[in-house]
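Open the model in a viewer and keep the selection tool at hand. The stops below go from one residue to the next and then to the parts around them.

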Amino acid sequence: DVDMHLAIVKHLQLMGIRLFNKSLSISRAKNKLRTFQILMHHKLPVPDTIVVNSVQYIDEAITSLGRFPLIMKLSQGSFGNGVSILESKRSMRSMLDLVIASSQSHSPHILIQEYVREAKGTDMRIFVVGGKIVAAMERKASRGEFRANFQKGGSVSIVDLTDIEKDIAIRSAEALGLDVAGVDIIRTQNGPKILEVNSNPGIQGITMASGIDVADTIIQLAENKCKNERRKVLVE
């Protein structure tokens, strides 16, 4: 339950307990629509996206985004859950009907995105800690799967990032106010685009791919934050 988890994080903040990612930053990252709004506001590149809450907007979405397949994302979801590929107008209508009918919300926000063919089921996860990139990996979807998530059986390997990819990863985490973030980027013919910014990224796959002890970098960030706060108190 996302709302319950956010309430717990907020309560810890009110108790004065030190945290990496604050409740507001987490709530932004957990909501894909809000994330895309913030990224676009900061002029960061994202896939072409249409937001719908009814099947009546199918034709407009198809016209705006072009040909099938298209990607459908629920506004909330992680580890590849809530993401589907739509192969035709009929499958798109059926999926939207199903999601809207089963949603507890009166008008769920559903993101319809362009499908990047040239990526061929491959994307990158960039781990940002304290405003710095500490590790990165390339993820490739398993056979018969379009999602490259490690939790969905995708393979991982080390990757060399361009300066642009490094820049947008750091700026994405900063835009959402995240001290610890996993930024998912896809390479397209028009340059890199941000798929998602995760506030609770898993470390198993990226540690295995990069050989970097990602957990240790997070611990170091915690230690440095505590030391800086102590120095501030002593100075004051």
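**First stop: Val197**

Select Val197, which is found in strand 9; helices (H or I, at least four residues) and strands (E, at least two) are DSSP runs numbered from the N terminus. This is a predicted model, in which local features need pLDDT of at least 70 and side-chain atom pairs count only at pLDDT 80 or more, while totals for chains, interfaces and linings use all residues. Residues are numbered from 1 along each chain as its sequence is written, and side-chain values use heavy atoms, with hydrogens and water left out.

Val197 is buried, with a relative accessible area of 0%. Buried means under 20% relative accessible area, exposed over 50% and partly exposed in between, with a 1.4 Å probe and protein chains only. Show what surrounds Val197: leaving out residues up to four places away in sequence, its contacts include Ala29, Thr35, Leu39, Ser172, Leu176 and Val183. Contact means heavy atoms within 4.5 Å.

**The largest nonpolar core**

Which residues of the largest nonpolar core touch the most other members? Select Leu39, Ile126, Leu176, Val183, Ile185, Ile194 and Val197, out of 25 residues in this core. A nonpolar core is a set of buried Ala, Val, Leu, Ile, Met, Phe, Trp, Tyr and Cys residues joined through side-chain atoms within 4.5 Å. Helix 3 (32-41), strand 5 (122-129), helix 6 (163-176), strand 8 (180-188) and strand 9 (191-198) each supply at least two residues of the core. Helix 6 gives the most, with five residues.

Next, centre on Ile194. Not counting residues up to four places away in sequence, Ile194 touches Phe36, Leu39, Leu44, Pro45, Val46, Pro47, Ile168, Ser172, Val183, Asp184 and Ile185. A second, separate core of 14 residues includes Ile58, Ile62, Phe68 and Leu70.

**Helix 4**

Move to helix 4 (residues 58-65), whose buried residues are Ile58, Ala61, Ile62 and Leu65. Seen down the axis of helix 4, these fall within an arc of 95°, so they line one face of the helix; the arc is that of the directions from the helix axis to the C-beta atoms. Among the elements that cover the buried residues of helix 4 are strand 1 (49-52), strand 2 (70-74), helix 5 (89-102) and strand 4 (110-114). Turn to the face away from the buried side to find the exposed residues Glu60, Thr63 and Ser64. Gly66 follows helix 4 and has a positive phi, near 95°.

**Ala136**

Select Ala136 in strand 6 (residues 132-140). Is Ala136 buried or exposed? Ala136 is buried, with a relative accessible area of 8%. Ile126 is ten residues apart from Ala136 along the chain, and their C-alpha atoms are separated by 4.4 Å. Besides Ile126, the contacts of Ala136 beyond four places in sequence include Arg125, Ile158, Val159, Leu161, Ile206 and Ser210.

**Last stop: Thr188**

Thr188 is found in strand 8 and is buried, with a relative accessible area of 14%. Display its side chain: a polar atom there lies 3.0 Å from the backbone nitrogen of Asn190, and the side chain also reaches the backbone oxygen of Gly191 at 2.6 Å. Outside the four places on either side in sequence, Thr188 touches Val116, Glu118 and Lys193.

Terms used: A polar contact is a pair of N or O atoms within 3.5 Å; within protein, one must be able to donate a hydrogen and the other to accept it, and residues adjacent in sequence count only if both atoms are side-chain atoms.
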